[in-house]
Structures are given as C-alpha cells and as structure tokens.
Amino acid sequence: KIANRYINKALEIAEKEKYRNEIVESLLVLDNIQLFWGDYDKAVQIAERVLEIADNDMQLARAYIRLGKAWYYKGDYEKASLFFDNAKKLSSQKPVF
C-alpha cells in the first residue's frame, strides 16, 4: 500500500506538470499494482487510460499486454488473446518489457 501511495503522488505531480511520459509510466506501475492485488476491473480502467494518452508504440504495447493479463485473469481468454495480439503487432521489432 505504501508503493501505491507514492506512485499516486508521482502521478499527481506528473499530471500537474503535464509530463505525458511520466503520467503513462506512473499509470503502468499502478496497473501492475492492481493486477498484483487482483483488482482486474481497476487494472482494465487504468490500461484503457494509458491507451488514450500513450504517444508511442512501446507504451501502447505495454498497455495492451496489461489489458491482456487483466482479461486473462478475469477468465475472458478470447478478449485477452486479442489484446496480446495487438501488443505483439506493435512490438514485433522492439522489446516492451
């Protein structure tokens, strides 16, 4: 929970200063936390927000991977597969982890 508090503070600062890259990175960390805690609905919401503001293929691919994981854990394997496929298309030439 301490990590969540710190990353939310980092997100708040990034949003205030309009640092797009830091906003995306903070959201991706928050998304990982939600996946770890098992709050898959919240993880989906966060990753969808990343898709809206990401400005490069690597960020998009990472969001698609997180969406794939969330839907996989929710038991929707078909939807998960679609997101993993989208990530694969974007990252076929670049590592995203």
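Trainee: Which helices do the buried residues of α2 pack against?

Mentor: They pack against α1 (2-17), α3 (40-53) and α4 (57-73). Keep in mind that this is a predicted model, where local features need pLDDT of at least 70, side-chain atom pairs count only at pLDDT 80 or more, and totals for chains, interfaces and linings use all residues. Residues are numbered from 1 along each chain as its sequence is written, and side-chain values use heavy atoms, with hydrogens and water left out.

Trainee: Why is S26 called buried?

Mentor: Its relative accessible area is 6%, and buried means under 20%, exposed over 50%, partly exposed in between (1.4 Å probe, protein chains only). So S26 counts as buried. Other buried residues of α2 include I23, V24, L27 and D31.

Trainee: What does S26 touch, leaving out residues up to four places away in sequence?

Mentor: I7, A10 and L11, where contact means heavy atoms within 4.5 Å.

Trainee: Now the rings. Why is the pair Y40 and Y73 called tilted?

Mentor: A search of the whole structure finds 4 aromatic pairs. In this one the ring centres are 5.3 Å apart and the planes meet at 35°. Rings of Phe, Tyr and Trp (its six-membered ring) pair if their centres lie within 6.5 Å, with planes under 30 degrees apart counting as stacked, over 60 as edge-to-face and the rest as tilted. So the pair is tilted. Y40 sits in helix α3 and Y73 in helix α4, 33 residues apart, so the pair links distant parts of the chain.

Trainee: What makes E12 and K9 a salt bridge?

Mentor: Their closest N and O atoms are 3.5 Å apart, and the definition asks for a side-chain nitrogen of Lys or Arg within 4 Å of a carboxyl oxygen of Asp or Glu. So the pair qualifies. E12 and K9 are 3 residues apart in helix α1, separated by about one helical turn. E12 has 46% relative accessibility and counts as partly exposed; K9, at 43%, is partly exposed.

Trainee: How many salt bridges does the structure hold?

Mentor: It holds 4. Among them is E15 with R49, at 2.4 Å from N to O. E15 lies in helix α1 and R49 in helix α3, so this bridge ties together parts 34 residues apart in sequence.

Trainee: And what does the bridge between K74 and D41 tie together?

Mentor: K74 lies in the loop between α4 and α5 (77-91) and D41 in helix α3, so it ties together parts 33 residues apart in sequence. Their closest N and O atoms are 2.3 Å apart. K74 is partly exposed at 35%, and D41 is partly exposed at 46%.

Notes:
Helix = DSSP H or I, 4+ residues; strand = E, 2+ residues; numbered from the N terminus.
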